[in-house]
Amino acid sequence: QFNYSTKNQKAIKLFDKAMEYFQSRDMVNCESSLLKAIKEDDQFIEAHMLLANIYEEQKFVEKAIKYYENVIDIDPEFFEGVYYNIGNCEFSIGKYDEAKTHLEKFLTYSGQDPKIVKRSQFLYKCSKFAINAMKNPIPFKPVNLGDSVNTENNEYSPSLTIDEQTLVITVLRPRDEYTIHSSAKEEDFYMSVKRGDSLWSKARRIGSPLNSHGNEGAQSISPDGKTLFFTICNRSDGVGSCDLYISQIQKTGWSTPVNMGIKVNSGAWDSQPSISPDGNTLYFASARGGGKGVMDIWKTTKSDNGTWSSPVNLGDSINTEFSEMSPFIHSDGKTLYFTSNGHPGMGGLDIFYSKLKDDGQWSTPKNLGYPINTFNDEGYLIVNARGNKAYFSSDKYGGQGGMDIYSFDLYEEARPTAVTYMKGTVYNSKTKKRIDAKFELIDLSNSQVIVQSFSDPLTGEFLVSLPTDRNYALNVSKEGYLFYSENFELKGDHSKLKPFIKDIHMQPIETGGVVVLKNIFFDFDKFDLKPESQIELNRLVDLLNQNKTMKIEIGGHTDNKGTAEYNQKLSENRARSVYEYLVNKGIDKNRLSYKGYGLTKPLESNDTEEGRAINRRTEFKVMGN
């Protein structure tokens, strides 16, 4: 016999009956009995407390708060933990001031469960953050992408190519007669392409083999649009409940999805991939063991032979003891957006961002702020290459029905480094036939390959990302052709930099072919090769080693500044420096010659600085093969 706060025997019997219902998980009758007990004695504090507990358990938060308040009103010291309970409920629906007050009260009591104390301290910190965030809202005007993309179904998990011309989304549509699982709905990929500056075409199912009769979703498309990383659950070739898969564009369309294998996937849930701009690092969320919390963000890297490494946890800077999900690595390769309920936020899953520092560590995550983040769950955010526009999915703003895709202008502080791109088609310069070729984008400061890609084997089209704030060498190569080089000086603030639209005409290897070496560098008025020239020079070494009978002439050219005699001597010395580099790399000097042309063969007018810069060049000419 318990010592209840009431003497009303009828109320006690109703409460005891409610306890029986509670233990058998019959919440309907439990609620009914408790309400009757409270009607018998409205000061019956135990009945108010249990009723609040079952309402909280069933997510009837407003009702739970009401009865927790009743408990406090009847006896503020009846149960110290009630202040945590009510504070937790209030925080979960955005009543931050009330939550802060009640959590602060709870933390004044000693001898409480350490886990509950730790959680209370976190929620108290979150409440203070949320109150301040609401006083300082960030600019946020979400725009629905319209009925070409959004429907009465749920559209979510947007992904974009770097030129923002192709949008791939996951759509939860009603099942059809081919659906192989028992659910009422099925996930498929849909694609839309941009028409003009802002209009999107009608989103259409990508089709087989990407879409099956099961669920596929949470995709990440590579910047050039040629590779798709995504999630399939409960498939016969799966390793765990949900696994990561890859498909690539081929001449006949998308390839059959391939499981990334037991080295990458675990026996647990692996999902929500995001591929880095160079295609060599895949970030994803996983519930696997060995992490920091419930869900963590991990990464796997691709080796030179194309295999993927065992995943590595992103560590304490990103992951907490709770859940981190929906990673998105921006095209700058160093800004990560993700969702978390383990960092101080507004409640539920908030969106955060973190920057990769020079030492390889991630910066302390920053909350994206209110009203982007609320007490509800937020997620599936991506940011365009230029860094000024974000895309996300939500069901909070009306729209076409269910979850829709929205965009908004991302405020300055949360923007990544802007990224532009080079886009065009590769041709055989003689036949004008479209060809496939290999692209390498190299950081001139450290010779690191930033991006590797190939033009489309059928159309010859290519799309290469160009992160700003660096200077690059671009090398385009194909067996049987002279390589093509380009230089991009993107140091500084280029957030408004326009993309480079350029077709590339590859010259077959034959006598008379000329290549301008755009990544050979000298100091002003000097002929010593600068260190960053080695990238291009080594490409030339490779070309000569692959074509053992090729003979070339190195030609040096200048603008018209200075005397003809001065320019003749400078151009000859610069050509000789390249010649000597090649000889030192083992190229037979009988295959090489050099010549200075001074100012005699300009490509552009010397009347402008741009023209003079083009005329100051080093090139090679095929003299025989």
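Which residue in β15 is the bridge partner of Trp298? The exercises below lead to the solution.

The model is predicted, so local features need pLDDT of at least 70 and side-chain atom pairs count only at pLDDT 80 or more, while totals for chains, interfaces and linings use all residues. Residues are numbered from 1 along each chain as its sequence is written, and side-chain values use heavy atoms, with hydrogens and water left out.

**Exercise 1. Describe the sheet that contains β15, and find the partner of Trp298.**

Step 1. Strands (E, at least two residues) and helices (H or I, at least four) are DSSP runs, numbered from the N terminus. Two strands pair if DSSP finds at least two bridges between them.

Step 2. An open sheet is formed by four strands in the order β12-β13-β14-β15, with antiparallel pairing. The edges are held by β12 (270-275) and β15 (312-313); each has a single partner strand, so one side of each lacks a neighbour in the sheet.

Step 3. Two bridges join β14 (residues 296-301) to β15 in the antiparallel sense. The bridge partner of Trp298 in β15 is Asn313.

**Exercise 2. Compare the span of helix α4 with the expected value, and state what its buried residues pack against.**

Step 1. The expected span is 1.5 Å times one less than the number of residues. Helix α4 (residues 61-74) has 14 residues and reaches 20 Å from its first C-alpha to its last, close to the expected 20 Å.

Step 2. Buried means under 20% relative accessible area, exposed over 50%, and partly exposed in between (1.4 Å probe, protein chains only). Among the buried residues of α4 are Val61, Ala64, Ile65 and Tyr68.

Step 3. With contact defined as heavy atoms within 4.5 Å, the buried residues of α4 pack against α2 (27-40), α3 (45-57), α5 (82-92) and α6 (96-106).

**Exercise 3. Classify the aromatic pair of Phe229 and Trp308.**

Step 1. Rings of Phe, Tyr and Trp (its six-membered ring) pair if their centres lie within 6.5 Å; planes under 30 degrees apart count as stacked, over 60 as edge-to-face and the rest as tilted. This rule gives 28 aromatic pairs.

Step 2. For Phe229 and Trp308, the centres are 6.0 Å apart and the planes at 85°, an edge-to-face pair.

Step 3. The pair links distant parts of the chain, 79 residues apart: Phe229 lies in strand β8 (residues 227-233) and Trp308 in the loop between β14 and β15. Phe229 is buried at 4% relative accessibility, and Trp308 is buried at 11%.
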